[in-house]
Amino acid sequence: MFYKIIKNRKSIATLVFAFAFIAASCTDLTENISDSVTADTFFQTEEEFVSALGDAYGTLTGIHGGGYSQANEVTSDEIVIPARQQDWFEGGFWFRVLSHTWTPNEFNGAWTFLYSGVNNSNRLIFQFEEAVASGAADAAVADPIIAELRALRAFYYLNLLDIYGNVPIVDSFANAEENPSQPSSDFQQGRTAVFNFVEQELLASIPLLSTDVPSTYGRMNRYVAHMAIAKLYMNAEVYTGTARWADAITYLDGIIDSGNYNLAGNYFENFTINNSGSPENMFVVPFDRVFLPGFNLHVMTLHYASQATYNFQVQPWNGWSGTQKLYETYIDADKNPGPQGEVWGIMPVNNEAGLDRIQGTQDVRIGNLIIGPQFSASGVRLKDDGEYGVGLTNGTDITFTPFINDAQFEGCRQCGARVGKYEFEAGIALGMSNDFVIYRYSDVLLLKAEALWRMNSGGSIALELVNQVRARAGVAPFTSLDADKILDERMREFFYEMMRRSDQIRFAGTQGATRYNDAWKFKEVSADFRNVMPIPRVQLESNSNLVQNPGY
Amino acid sequence: MFNKATSILTVLLLGVLMFAAVQTADAQSTEISGVVTDQATGETLPGASVVLAGTSTGTSTDMEGRYSLTVPSLDGTLIFSSVGFQTLEIPIDGQTTINASLSVLVLSGGELVVVGYGTQERRQITGSVSSIQEEGFVTGNVRDVADMIQGKVPGLQIAQGQGGNPNASQTIRLRGISSFGANQEPLVVVDGIIGATLDSVDPNDIASVDVLKDASASAIYGTRGSAGVILITTKSGRSGEDLSVSYNAYTTIETVENRNEVLSADEYRSFSQQVGISIQDFGANTDWFDEVSQTGSNNVHSLAVSGGTENMNYRLSGNYRDREGIQKYTGSEQIGARLNLSHWALDRKLKLTSNVAVTNRDEALGHSDAYKFVQIFNPTAPVRADGFENLGGYFDQNLFDYKNPVNMIETATRDREIRSYNVSLRADYDFNELIPNLSASAFYSLDNRSVKQQNFYSRTNNQFGGATQAALGPGSASQSLVDTQSELFEATANYIADLTQRLTFESFVGYSYNQTTNDGFSAAGGDFVTDAVGVNNFQFAQDFNQGLGSVNSFRNENKIIGVFGRANINFDQTYFLNASIRREGSSRFGADNKWGNFWALGAGVDIANLVDLGFFEVLRARVSMGKTGQDAPFSGISIQQFAPQGNFFVDGRFIQSFGPISNANPDLKWEEKTELNVGVDFEMLENRLRGSAEYYNSITSDLLFSVGVPVPPNLFGQTWRNVGEIENSGVEISLAYDALQSVTSGVNWTTQLNLTLFGETMLNKFESDEVRLLATAGSPGQNSTTLIRIKEGEPIGQIWGPQFSRIGEQGQWLYLNQDGNEVGFGALTPDDRRVLGNGLPGFQLGWSNNINVGNFDMSMFFRGVFGHQLVNLPSLFYQAPAQMSSYNVLKTAMDIPELTASPQFSSFQVEDADFVRLQNLSVGYTVPLNSEMINRLRVYVSGNNLFTITGYSGINPEVRHTDINPGEINQGFTLGGALAPGIERRPNWFTTRSVNIGINLDF
């Protein structure tokens, strides 16, 4: 039978040909994505370059509310997030963070936030360099942009150095290793290498950076880079073992002498909804509820019922609270001398307000905290329609008390002073329009004062600088400086500006190695290895070349 | 591109016609004619094949069983054959009229089973294929095909994790989990349309469902077959049949079968006194379950008209379904129509088939969250009260994660509209005259589905409308429209050769081109001046004026191209060999790895043909092996893409910044599954006991998953990679027994049992051997509480946490640590956690009984699933008596009055969830009629989900194959999905039972 079939080979050939034709003509599998662009279709115009630059800054929108603020605020003595029965319990997560009993599981957020910034900077530096090399862009235009990116990358690395210590230095996009390792398996050597890298990058980029302050709002200009390197030098002893106070003063003076910044008349001018006009803010994330959402302090800190105070579109989460110690640092007449008057007390009591009025220092900056009975926008007393808290006597009327009964399981829902530093805009949803302050001129003054005090135990210049800041807050001048005074003043001034952890580590402790290791409410004395965070477990898992920090 | 495919179709059709024309031209010599009949009945046999032995000369009979064949001389032998009949050879011996009378093939196993691209006789199948005909379907209140075959196929798991949600589909898993990053549901093929959706076919239009279970059976669908293939064949008309009309209708009453019982108002008051917790007593007695619930109903009507002439047949059907869900204001309304048309031309050499189906479905989705809040809303609170005007008059309290469920369902709407149509055209041409038993076909289909979803939350809505007691909210609205269009072009050629008397060779080759386009548009905004227009006019949303509204659109395409072939060898009707191969490419994969090869081999032997086995009438053994694949889950997955990345502040204004949104992976390639299947089929006791047993073992490698990668150097911490390997094995047994067959008394009873033993789904390899903890319990306070562990070398689905010991004297939770000592929460270390259960079952049972007594028929179907555990999250969040200070609690709180601590996860909330359910019971009566007009009238009553026997205390013991709450946990590892089975979450619908009354009427 077969031979008969073969006789018809002409027909078979035709069929085979038909199939071959189909198969050959329809095997194209090129991917066609119509709604996004790929690398070969981008970076062709100058606008696209500037637009791309934004991606390196875009990372900064993660500065609030994520791992970065968790590391710098919740682990310090400023902020506590009590587990309010079920809410915020999170399997003990926040308690481990605030009590310095964390494991390598808790600190991946800051790592990915900061390294995203590093990566985006690396990529853009690479792309801009390529553009110059290929003749697509003019070197004179590209060089300041590349310098700006290097300084921004140094800012991210400064924070990596501060939080994690010994981290991989990845400074190239094209030649990045798949699994980068730290500079040295010896923690201190490695950390010194990261320090040197940050210093070198900032020194190299500073001369090329813009000095035009108004046009570089929210970006790396020369003074912001000065501030970054000053911060690096202020903690140089922590990072490398060698103090660099005089170098810090050099760069702080560069800012002061430029005359581009000065203290705002009103402390809270720096934190209003439209704070972009402040003469004091040097480096901000220009959040906007429409164009750049991501700043959500209002929901992070306020009580569920506070929605009615501001008619927010969303219910707040009743989380982040200022510590009792923080509040006492404002009102204590000895620690903070100044005009005395009635202020809210500490403990809840069974009166209409839920708190006593007591005598305390009238520091303008108490406004950083929201304390006392709470009302709706129309003046109706807010209620928490649940029990006040286990073992407490107050009713359901909401009063924010500086006192917090428990942080681990049974925190009462209205305990804790709330973060009121930034003005809350009525009627908003999740995004606030206030620009988030990273560097501020009053810090230039206080850092310089501290550096001077460190070098020669004070002197009139240092005292005068501190008192400039105190005078603006309406409190009495100091007559002398010591470590407590400087650190407390920094807490009052910079509460919730993401620098408390770093400040505490710079000062020797009374019980532990540093102030950060000392005990405070809900926290025992901690070991000094906790002054850097562990390399996150997820990072160790995905990159076998990483070495865990000592002690973890 | 697709113009090319359609033009190819045209070219091919023209080619087919030209061949036909050429071939009919060279006929001369002597003609033989005759009639072919069935020996038993004497009826003529249309379509029987007549071939001159040893040549390519042949023909087939017409509608009257007549043939005429031109032969070169009056020598030789004619071979007559027809499906289902024994082949007959008659020497010509000079005759010019030869009538043949064929006898029926008595060998069993001759029934035709639909397999990929065609049909095969049951006995020739060497892989694992389950076939369910219409009479085997689950009847009653069914929504789609999944409901109809639930429990009927060993190895096929169909679970309704969402209880009585009228708009939720079932999850379908074949032989365990074959993928966790890509598609896990079997491929659905409806009348040749690959990748169709189940709800585009009305259950009333389905003639049979065939499930290709193992890799050797599904390998012909290559790249999309690794989760199995469900082949759906719709009903069609019969040629030469008079017009017949069939009408089916039923009406359903649906009520709550099980729900989480909570404290009544009185119990809330008394229990709070008992445990000394102060509560807010608002003085009312409200059953919040009742407030949001109603009795559901379902009214279904189906009308079909079918018939045919000598050269064509047709079936036209219309279906209407109107369902009201058990949550107020939920339900669906569906109208569908289908036309199946076949036409023969050119002496029945050319067959043209066209199917057209249209479905319109409108759904009111309701609010799952309402069921979360009915569990905890204060039972002493009134539904409405004065002073809550801004909330539409609905009472509310200022508590976290706590909303009035009546406000939720009455001040918001969530609607979905699904419009789908599909069209397929098929041309089959018989090249018998050119080469005997050669045929070719071309197939084109267009499957279009558009889904519109509209959500509206009014200004008085407290969930997303922003309303509080103090002020009206801005309200919010969103609308999305997603359009999916899939075009498929396929060309195949079939060839059958009787190489010798005993050896038959069948083969086919084909080409397939499939292109899918997705595009969509969505808008969302709020801040309405009035609620009056709802979602219908976004100009009323002031958000857009302030730049706060959002508008999005997308479009992407993907292609799958394949060439494939299959060969079957049948030796002496005793030994069978099957082999298939498919080479396929997908546009989604990395530039270096777009193509893959998928193959299958199988062998079978009919032992009963070789030796006399006494009481065995049939005993077949078969073994097969195959490799299938799985496509990537979405387009663009392997390339780096750039997209807008928020805004950048330059010189006092915001400009849009662009940046990458994904890591690239040019090496991304197919998931591949290799499966071994061994099976035995038997019939014994004079065919009264029939059964099969199968063992399978499959290994899926190169699993696609989004895994953590180091940052730096990667831009993002997650990249899609081929990681991991999982292994499944199991035993499936299917038995059917005709327990009673009495011709005299008219009593028949057939019972059928399906058993499946599932091995554990082993994660043989993963990205690394690190432990992953995933699937967090949720807010409030349990966002870091992981429920599931994943570890290389361990089974998938491990529920992981601390071991509960008892409630301590101070009312605190006490646990057993790794050394067996009792410790409190603070002393627990991560090492004290252990495996608390597994969410995947070990054993599944389906037991059906069909009984006929005279004109009565009855069917009863039990389904059971065993060996799985569930994490009962309602009990985690709502069982602690301390919650009474704010919320209502579950009734089970009264079992633990001594507990004062807040909720904490442990083995306390992990429960065995074995269950047996009476899935369906139905009793019908066929009215004896002596009517010229009415052929058949049957009325019936049936019930679905009538009772469940289980020790599980939650709402629904059904297996949760996939976590409904996928997302990302803060350790940077993707949670949920198929890696986190076994979690009952809080926003959960009740389970329901339904009772139907129905009628079948044929004219």
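Biologist: Why does Tyr394(B) count as buried?

Modeller: Tyr394(B) has a relative accessibility of 5%, and a residue is called buried when that value is under 20%, exposed when it is over 50%, and partly exposed in between (1.4 Å probe, protein chains only), so Tyr394(B) is buried. Before we go on, this is a predicted model, in which local features need pLDDT of at least 70 and side-chain atom pairs count only at pLDDT 80 or more, whereas totals for chains, interfaces and linings use all residues. Residues are numbered from 1 along each chain as its sequence is written, chains are lettered from A and ligands numbered from 1 in the order in which they are written, and side-chain values use heavy atoms, with hydrogens and water left out.

Biologist: Where does Tyr394(B) sit, and with which residues is Tyr394(B) in contact, leaving aside neighbours within four places in sequence?

Modeller: Tyr394(B) is placed in the loop between α6 (368-374) and α7 (405-410) of chain B, where helices (H or I, at least four residues) and strands (E, at least two) are DSSP runs numbered from the N terminus. With those neighbours left aside, the residues in contact with Tyr394(B) include Val383(B), Phe388(B), Asn407(B) and Glu410(B), contact meaning heavy atoms within 4.5 Å.

Biologist: What makes the pair Tyr394(B) and Glu410(B) a polar contact?

Modeller: The two side chains are joined at 2.3 Å, and a polar contact is a pair of N or O atoms within 3.5 Å, where within protein one must be able to donate a hydrogen and the other to accept it, and residues adjacent in sequence count only if both atoms are side-chain atoms. The pair is therefore listed as a polar contact.

Biologist: What does the side chain of Asn165(B) reach, and why is Asn165(B) called buried?

Modeller: Asn165(B), in the loop between β11 (156-159) and β12 (171-174) of chain B, has a side chain that reaches the backbone nitrogen of Asn167(B) at 3.0 Å. Its relative accessibility is 10%, so Asn165(B) counts as buried.

Biologist: How do you know that Arg501(A) and Asp162(A) form a salt bridge?

Modeller: Their closest N and O atoms are 3.0 Å apart, and a salt bridge is a side-chain nitrogen of Lys or Arg within 4 Å of a carboxyl oxygen of Asp or Glu, so the pair qualifies. Arg501(A) lies in helix α18 (residues 500-506) and Asp162(A) in helix α7 (residues 139-164) of chain A, so the pair ties together parts that are 339 residues apart in sequence. Arg501(A), at 0%, counts as buried, and Asp162(A), at 8%, is buried too.

Biologist: How many residues take part in the contact, and how much area is buried between the chains?

Modeller: Chain A brings 99 residues and chain B 102 residues, and about 8500 Å² is buried, 60% of it on carbon and sulfur atoms; buried area is the accessible area (1.4 Å probe) that two parts lose on being put together, summed over both.

Biologist: Why is chain B called as compact as a globular protein of its length?

Modeller: Chain B has eight helices and 55 strands. Its radius of gyration, 32 Å, is close to the 30 Å that the globule rule gives for 1003 residues, so chain B is as compact as a globular protein of that length; the radius is taken over C-alpha atoms, and the rule is 2.2 Å times the number of residues to the power 0.38. The C-alpha trace spans about 105 × 80 × 60 Å along its principal axes, and 57% of the residues of chain B count as buried.
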